[in-house]
Amino acid sequence: MNYTSIKEIDSLQKWVKQALKIKENPLKNKKLGKNKTLVMLFFNSSLRTRLSTQKAAINLGMNVMVMNFGSEGWTLEFEDGAIMNQGASEHIKEAAEVVSQYADIIAIRAFAGLVDKEKDNAETVINGFVKYATVPILNMESATGHPLQSLADAITMEEHKTKHRPKVVLSWAPHPRALPQAVPNSFVEMMQLQTEMDFVITHPEGYELNPEITKDSKIEYDQDKAFENADYIYAKNWSNYKEYGKITNSDPNWTITADKMKGTNNAKFMHCLPVRRNVIVTDEVIDSENSIVIEQANNRTYSAQLVLQKILKKLEKRK
């Protein structure tokens with residue numbers, strides 16, 4: 001069992017309830033991961049993802065090994081048939097099989113390059129390991145998705161569930177750097193699995209996400225209109241998908257402010273972190289009682305633990 005996309009969840013509602021059960025007693029299955037090893041490979045830096053996933057593995061009794069490819073590993077070649085007379089020292093074919101001998105589960109984090117759309121959409125790194133590894137693969141964020149984050153987001157929203165049918169808004173916000181679409185992509189896919197919530201995406205015209213992901217999700221180009229009666233505001237920047245990887249809009253009017261939040265239904269503010277304060281969101285909003293960003297970060301442990309637990313149980317059944 002791999003977990004590379006939020007689409008691999010058979011029932012989001014069931015998974016969220018299971019994660020909340022884990023949260024009540026995180027050490028209940030401490031023996032499940034005994035003598036099992038999680039190898040975590042980072043092609044990009046991390047704070048929440050690394051620590052929460054490592055904590056989740058420890059809660060399950062697993063051994064954990066971590067490697068940062070940016071500073072510690074050989075540069076990998078992912079193209080089949082490549083003539084390796086340039087920078088790459090090792091091919092994914094050997095690397096994935098070798099790491100599989102040391103691991104029971106391999107977790108990988110590799111961002112989009114934001115240069116070649118086709119290459120990023122092909123998920124070269126994560127799919128290379130899926131193809132050649134002989135153990136399950138866990139996606140800790142890839143070029144186009146962050147399924148652990150979106151599962152944690154679903155857990156967090158369940159904990160703050162309203163009595164009425166809630167309205168959830170994913171809002172683009174400005175950022176000085178070009179960021180990938182992974183987090184918003186998985187959030188959109190997660191919301192498409194929600195059966196009892198209304199969902200709106202708001203962003204400047206021309207900043208549409210991949211239409212194959214957004215599908216028939218509602219898009220509103222007027223941010224104030226989108227915010228009307230919202231119960232959750234999820235802020236996130238992403239670079240241009242059409243003019244791939246470019247920053248074609250830095251409009252500060254899209255920053256989430258207290259005035260904009262007044263137009264909501266006393267909405268909870270969400271963000272995956274790290275966040276650029278007073279660029280993405282003002283201090284007044286992120287430091288308010290309605291900000292649940294720290295809770296989101298905490299729930300990253302339980303989203304990872306649920307996935308690891310499911311994989312470990314499948315491995316047990318194979319015996």
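I looked up E316 and found it partly exposed, because its relative accessible area is 35% (buried is under 20%, exposed over 50%, partly exposed in between, with a 1.4 Å probe and protein chains only). The model is predicted, so I kept to its limits: local features need pLDDT of at least 70, side-chain atom pairs count only at pLDDT 80 or more, and totals for chains, interfaces and linings use all residues. Residues are numbered from 1 along each chain as its sequence is written, and side-chain values use heavy atoms, without hydrogens and water.

I placed E316 in helix 12, residues 293–318 (helices are DSSP runs of H or I with at least four residues, strands are runs of E with at least two, numbered from the N terminus). Beyond four places in sequence, E316 is in contact with L32 and K36 (heavy atoms within 4.5 Å).

Next I checked the largest nonpolar core, which has 54 residues (buried Ala, Val, Leu, Ile, Met, Phe, Trp, Tyr and Cys joined through side-chain atoms within 4.5 Å). Helix 12 gives the largest share of this core, 8 residues. F187 is among the residues with the most contacts inside the core. Setting aside residues up to four places away, F187 touches residues including M157, F199 and Y234.

Then I traced an open sheet of 5 strands, order 9-8-7-10-11, with parallel pairing (two strands pair if DSSP finds at least two bridges between them). Strand 9 (218–220) and strand 11 (268–270) are the edges, each pairing on one side only. I counted 3 bridges from strand 10 (residues 232–236) to strand 11. I233 stands opposite F269 of strand 11.
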